[in-house]
Each structure stands twice: as C-alpha cells, then as structure tokens.
Amino acid sequence: MASIQDIGLSAAINLMSAFAFLFAFAMLRLQPVNDRVYFPKWYLKGIRGSPTRSRGIMNRFVNLDWTTYVKFLNWMPAALQMPEPELIEHAGLDSAVYIRIYLLGLKMFVPITLLAFGVLVPVNWTGETLENIDDLTFSNVDKLSISNVPPGSPRFWAHITMTYVFTLWTCYTLYMEYKTVAIMRLRHLAAESRRPDQLTVLVRNVPPDPDESVNEHVEHFFCVNHPDHYLCHQVVYNANDLAKLVAQRKAMQNWLTYYENKYERKPTDRPTTKTGYGGFWGTTVDAIDFYTSKMEVLAEKVSAEREKIMNDPKAIMPAAFVSFKSRWGTAVCAQTQQCHNPTIWLTEWAPEPRDVFWDNLAIPYVELSIRRLLTTVALFFLIFCFMIPIAFVQSLANLEGIQKVLPFLKPVIEMKTVKSVIQGFLPGIALKIFLIILPTILMTMSQIEGYTSLSYLDRRSAEKYFWFIIVNVFLGSIITGTAFQQLKSFLEQPPTEIPKTVGVSIPMKATFFITYIMVDGWAGIAAEILRVVPLVVFHLKNTFLVKTEQDRQQAMDPGHLDFATSEPRIQFYFLLGLVYAAVAPILLPFIIVFFAFSYVVFRHQKYESGARYWPDVHRRLIICLIISQLLMMGLLSTKKLAKVTALLLPQPILTFWFNRYCAGRFESAFSKFPLQEAMVKDTLEKATEPNLNLKEYLKDAYVHPVFKGKDFDRPRVVDEEESNPLVPTRRTSQVTSRYNSEASSSNTATPVANKHTGSPGSM
C-alpha cells in the first residue's frame with residue numbers, strides 16, 4: 001500500500017518527466033528543421049514559409065539565435081492568454097471545446113476539493129477504525145478515507161450530505177457547460193464560411209431498379225421529390241482496389257525518386273537494391289531500373305482498374321452525394337424521411353470532404369448491421385479478456401509479486417527508495433505500457449463497423465475506449481487489487497466479515513489511481529505534446545522518400561487516434577474524482593491546463609466537426625456520476641447503514657432525469673441545423689454573391705481522391721437538372737400528375753411517381 005512518501009516520489013518522477021518533455025518540446029520547436037512538425041497549421045494555411053530554404057547551411061538545421069533560447073518558455077503564457085475567439089479561428093471549434101473539458105474539470109473539482117478537505121477529511125481522520133482491524137494492510141494515507149469511519153457511526157451523515165452537494169454542483173456545471181457549448185456551436189454554424197458539406201447530403205441504400213442505373217435512379221428521385229432545390233449528385237464508386245494500387249505506385253515513385261537523387265549526387269556509383277521484400281534479400285539488381293519497371297507494371301494495373309471502375313455498373317455503389325441549391329433545401333432533405341419505407345433512401349448530412357472515410361463508402365448497407373453486431377461481440381470479449389493480463393500485471397507490480405517471481409531481488413527492493421518507486425510509480429506505468437496498443441485495436445474495430453467519416457470513427461473509438469477503461473482500469477483494478485492485497489484477510493476471516501473487508505479495501509485503492517493519473521495525465525500528456533512519432537516519421541520520410549508538398553503534409557500528420565483516446569481519458573479522471581471525493585478526499589491531481597492549450601494549438605487537425613462530440617462527453621460524464629452514486633450506496637451498505645442508504649436512491653434517478661432533460665433541451669443543436677438559420681445564410685449568400693456558380697464550386701468536392709490526380713479522368717458529376725428538369729426515363733408512367741402534362745407537351749417520358757415518391761400507383 002502506497003504511503004505519502006511513495007506518492008510524493010511518484011509525483012516527483014512524473015513532474016520531472018513532464019517538465020523534461022516540455023523542455024524538449026520548447027527546444028525542438030525552435031529548430032528550423034522541425035518547423036513543419038510543430039507549426040503545421042501555419043503551413044497548411046499558407047501563412048508560414050519554410051525557414052530551411054532562406055538561411056545558410058548551418059542555420060537550416062540549428063537555430064543559432066541565442067535570444068530565442070532565453071525566451072523559450074514564452075509560448076506557455078501566450079497559449080494560456082489566447083482568447084477563445086482567436087483560438088477558434090486558429091484551431092477550430094473542436095479544439096476550443098476540447099479545452100473547455102479541462103476547464104470544466106477545474107470548475108467542477110475546485111469547490112468539491114475545498115468541501116472535501118474542509119468537511120470530510122476531519123470526519124475521516126478522527127474515525128480511528130483502521131488501527132482496530134487485525135491483519136489489514138494500510139498506510140497513513142488511508143486514514144483520510146471513509147474506511148477509517150466506524151460502521152454505524154453518525155459521521156456518515158456528513159458523507160451522505162456531501163454526496164448530494166457534489167451531485168447538485170456537478171449537474172449545475174454540466175448544464176451550464178452544455179448550454180454554453182450549444183450556443184457556441186450554433187454561433188459557429190451561423191458564422192461559418194461556405195463549405196461543400198453545408199449543401200450536400202449522403203444518400204445510402206438506394207433501392208435497385210431493373211430499368212435504370214443508380215445514376216439515373218438517384219437523379220430522377222431527387223428531381224421529382226426535391227424539384228426546386230436539387231442541383232447535382234456524385235455517385236459513390238467502389239475504388240478501394242484502385243486506391244491500394246495508387247498507394248503502391250506512390251510508394252514505388254518515392255523509392256525511385258530516392259535512388260535517382262542518390263545517383264545524381266554520386267554519378268559514378270549506380271545504386272542497387274535487392275528484389276526481396278523491403279530490399280533486404282533476394283537478387284541484387286539496379287535500383288533505378290528495378291523501380292522503373294515496377295512503376296510501369298503498376299501504371300498498367302492502375303489504368304486497367306480505372307477502366308474497370310468507369311465501365312462496370314457493379315462498381316457503382318447504391319449511395320451518392322447529393323448537392324442542393326440552398327442550405328434550406330439541404331437541411332430539409334438531410335433531416336426528413338424520404339420514402340414510406342424507412343430502410344431505403346436514407347439521407348444524412350454529408351461529412352466535409354476531408355472528413356470522409358472513403359474505404360467504408362463501398363460497404364453494402366445490408367452488411368453494416370452484421371458488421372456492427374460482430375464488432376460488439378468482439379468488443380465484449382476484448383474487454384473481459386483483457387482483464388486477465390491486467391490482473392496479472394497488477395499482481396506483479398507490487399512488492400509481494402516481485403519478491404515471489406524474482407526472490408533474488410529482495411535485498412534491492414527492500415531499500416527505502418526502491419520500495420517507494422515500486423509502490424508509488426511501478427503500478428501506474430505498468431498499466432499504461434500495457435494499454436499502448438489498445439487505441440489502434442479500437443480504431444480498427446470502428447473501421448470494421450463501417451462508419452463513413454473520420455469524426456464518427458473517432459467518436460466511436462472514444463466510446464469503446466471509455467467503456468474499456470471503466471471496466472478494466474477502474475473496476476478491474478479495484479477488484480484485482482483488493483483480491484491480491486487482502487487475500488490473507490479473505491482466507492482467514494469468517495464469511496460474514498468479507499463484505500466489511502471489501503467496503504474497507506475499495507476506498508484504499510485511491511492511492512493507486514493517484515499514481516496512475518500522475519503517469520497518464522502528467523507525463524503522458526506532456527509526451528503527447530512532444531509529438532515524438534510525427535517528428536520521427538517526418539524526418540525519416542523527408543530524408544529518404546518525401547519529395548512533394550503533399551507528402552510533407554502527410555508526414556506531419558500524426559493521425560487522429562490521439563483525439564479519440566485523450567477525451568475519454570479525461571472523463572475517466574472525472575469518475576475517479578467523483579468516486580473518491582466522498583470516500584477518500586485525496587483528490588486526483590489534475591492535469592495542468594496549459595497542456596491542453598498546447599495540445600490543440602500545435603496538433604494537425606484532420607477535420608472540423610463543430611463540436612458534435614459534446615453530447616457524448618456529457619453522456620459519459622453522467623454515466624460516471626451515476627457509477628459514483630451506486631458505488632457510494634454499495635459502500636454504505638457494508639457499514640451497517642442499510643436503511644440510511646435508501647436516502648441515496650433518488651440520486652441516480654434524478655441524475656438520469658437530468659440527462660434526459662439536457663438531451664431534450666440541447667442535443668438537437670448537435671445533430672440538426674435549424675431551418676431559420678439555413679434560410680438566413682442562404683439569403684445573405686444570395687445578396688453578397690449573386691453570381692456564385694454552385695455547380696462549379698461543388699463539382700469536385702466529393703470525387704474520390706484517387707480520381708483527382710492529373711493522371712486520372714474524373715467520374716462524371718450528374719448536373720443535368722437545369723437544362724432538363726424532367727429527365728426522360730425508360731419506364732411508362734402509371735399515374736397522372738402535373739409532370740405528365742408538362743412532359744407530354746415536350747414529347748418526353750415522365751418518371752414513375754410511385755417509384756420515387758412512395759405513393760401507390762393506380763391499378
């Protein structure tokens with residue numbers, strides 16, 4: 001059991017690690033060679049030029065201006081003082097709201113901390129119960145917890161009262177934050193400049209038609225049902241195989257460029273490589289000739305695959321991006337049911353083009369339900385199977401476990417400093433290392449589920465990560481820690497005493513979670529700011545392979561797993577704080593807020609969702625609050641207070657009602673776009689840009705990236721509506737409508753009304 005000295009040593013180690021990472025970050029960001037890694041937003045916006053092109057040879061790599069090193073920490077106050085509107089303009093609303101999660105933690109826990117230390121610490125410290133329990137391992141830190149209060153004591157009224165106070169304060173702060181973020185989102189949408197996703201919906205599950213292609217079917221459906229607002233559409237092609245070939249050709253091109261540059265630097269020595277994988281084995285051949293031939297073969301394959309996609313009707317998926325003339329028409333289509341059959345012609349707001357996950361657009365809609373069912377089953381087994389190795393790691397990451405496995409180290413681990421490191425630092429770092437591969441696994445599972453946007457993949461991965469750490473890190477660590485640390489007490493005590501031991505032991509896990517948060521929240525976040533992986537990847541690619549501006553931008557990109565996993569981690573910290581605020585008021589040390597500012601100011605953001613993830617954040621915080629309430633009820637039931645525990649029953653019920661109220665009050669702002677706001681933006685745009693050509697603006701927005709290169713022909717975007725408002729169809733009309741009379745006067749056939757509108761045809 002960790003003591004105050006152990007916790008202090010752990011805090012010192014993690015603080016030193018955090019400051020070391022921050023110092024390294026402050027130094028590395030000053031070097032010209034790292035400029036693109038630490039200032040990617042400026043490069044992407046085109047407001048910063050490469051310093052390596054305009055300086056001397058030495059100055060291209062090392063900053064020789066000593067005055068910049070004197071002021072190397074100036075970025076910290078600058079980040080903290082950045083106004084929120086400026087932060088939104090620079091990093092986007094997603095990043096600004098991400099920081100508000102940290103600020104919410106401060107608003108929530110500073111008053112709770114003061115109340116806990118002012119009211120509960122004196123009540124717990126003077127309980128004098130732990131000393132009277134035989135064979136129980138505890139430290140002085142545990143005397144601050146509810147475990148030190150004797151069963152049946154009137155002191156528990158203080159805990160019951162504070163539980164209600166904590167709940168009311170938490171709900172108040174959550175309500176105010178939900179309201180603020182909802183207003184920020186609506187203001188952001190109203191002020192946002194024109195983007196293709198504002199005028200486009202994604203249509204899924206287009207029903208098959210024996211007489212028409214998907215192209216024709218989509219066009220006729222929207223010409224009939226949205227005649228005043230439909231503009232054009234782009235069908236979805238299954239270009240996944242072509243994308244793989246293009247990626248292979250790009251990799252070959254990079255290697256070819258590398259060897260050509262190598263040959264230019266030393267013309268007397270023709271470069272060679274081996275034909276095996278990675279060039280490590282196989283026959284030695286001329287590198288330039290080898291990769292040139294590879295490029296020719298891949299070029300033929302790419303050309304053949306492109307022709308196959310363009311000419312094969314089966315390559316067109318039953319989905320399309322449909323664009324409209326106005327935001328009002330787009331909002332109506334995206335937020336309404338298109339057909340009497342709710343399983344076809346499914347419409348939703350299209351993701352912004354850079355947010356589209358193109359690989360999943362080719363998945364048939366019917367297959368999605370099966371994929372999601374299988375992924376849910378796989379996630380269940382992943383969560384509960386991971387508990388076994390976590391329990392094993394937790395059992396070894398303590399003095400008894402190490403002495404049992406490695407008895408020859410007993411003299412070393414008995415040393416005071418080593419003992420403090422093992423008890424205060426090792427359990428947290430062992431668990432953190434064990435979970436390193438988890439984000440990649442969860443993101444892969446989300447991709448298999450078939451979601452079509454990177455932002456939704458992030459949100460789904462965050463949800464999985466949240467439940468994983470709740471079950472494994474929180475419940476798993478409590479259960480396994482209690483079992484291994486108090487095993488002797490369990491075996492020697494009568495069965496009637498086991499609930500008492502459990503009730504005493506669970507609050508005593510607070511020390512483990514304090515050390516875990518220090519590792520994950522202090523050193524871990526500071527290490528993320530350093531951006532080691534993007535830094536290494538950028539320099540490796542820039543040294544060997546990167547030759548184009550697009551490649552440099554991709555080399556700077558660290559991916560989006562960090563955002564998907566860091567946000568649920570913060571909600572996990574909230575759970576720990578809520579649980580231990582009432583039972584062990586040694587509140588978890590909170591992450592320094594400028595870490596969050598630094599994270600969003602310097603990361604490369606792949607998309608902007610307008611803070612659509614906030615309802616998920618709110619819901620998970622509510623779940624954490626309810627879990628803490630239930631655990632408090634269970635804990636008090638072991639303290640001979642079964643009747644008093646009933647007083648806590650209204651808490652989870654009222655909290656659930658509060659969540660429903662907040663959802664009804666604010667959630668629609670994150671899933672729907674008000675028609676009033678849409679009309680206002682449309683009116684302003686018509687007044688300020690009367691000659692805007694929307695077709696030209698949208699024509700390439702939702703074309704698959706593999707068709708956007710100079711070597712590719714772009715699939716045709718259907719945009720015939722203006723010149724031909726009633727498109728001829730091969731079918732014969734079965735009902736009479738105003739479209740029939742108009743079409744007959746111009747000698748054209750009409751769309752079949754019952755096919756497109758859902759209305760039954762006359763018999």
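**Briefing: buried charge, salt bridges and packing**

Glu192 is buried, at 12% relative accessible area (buried is under 20%, exposed over 50%, partly exposed in between; 1.4 Å probe, protein chains only). The model is predicted: local features need pLDDT of at least 70, side-chain atom pairs count only at pLDDT 80 or more, and totals for chains, interfaces and linings use all residues. Numbering starts from 1 along each chain as its sequence is written, and side-chain values use heavy atoms, without hydrogens or water.

**Salt bridges**

- Side chains of opposite charge can pair when their charged atoms come close.
- The count is 20 salt bridges (a side-chain nitrogen of Lys or Arg within 4 Å of a carboxyl oxygen of Asp or Glu).
- Glu192 pairs with Arg195, with the closest N and O atoms 2.9 Å apart.
- Arg195 is also buried, at 16% relative accessibility.
- A network of salt bridges links Glu192, Arg195, Asp197, Glu352 and Arg354.
- Asp289 and Arg270 form a salt bridge at 3.4 Å, N to O.
- Asp289 sits in helix α11 (residues 287–311) and Arg270 in the loop between α10 (240–265) and β3 (272–274), so this pair ties together parts 19 residues apart in sequence. Helices (H or I, at least four residues) and strands (E, at least two) are DSSP runs, numbered from the N terminus.
- Both partners are partly exposed: Asp289 at 46%, Arg270 at 35%.
- Glu463 bridges to Arg460, with the closest N and O atoms 3.2 Å apart.
- These two lie three residues apart in helix α19 (residues 454–485), so about one helical turn separates them.
- Glu463 is partly exposed at 27%, while Arg460 is buried at 18%.

**Helix packing**

- Helix α12 (residues 327–334) and helix α30 (residues 675–688) have axes that come within 8 Å and cross at roughly 155 degrees. Axes are lines fitted to C-alpha atoms over the stretch in contact, and angles run from 0 to 180 degrees between N-to-C directions.
- The crossing angle makes α12 roughly antiparallel to α30 (over 145 degrees; under 35 is roughly parallel, 65 to 115 roughly perpendicular, the rest oblique).
- From α12, Arg327, Trp328, Ala331 and Val332 make the contact; from α30, Leu675, Ala678, Met679, Lys681, Asp682 and Glu685 do (heavy atoms within 4.5 Å).

**Nonpolar cores**

- The largest nonpolar core has 83 residues (buried Ala, Val, Leu, Ile, Met, Phe, Trp, Tyr and Cys joined through side-chain atoms within 4.5 Å).
- Phe474, Phe513, Phe572 and Trp614 have the most contacts inside that core.
- Another core, of 45 residues, lies apart from it, and includes Phe222, Phe290, Ala320 and Val322.
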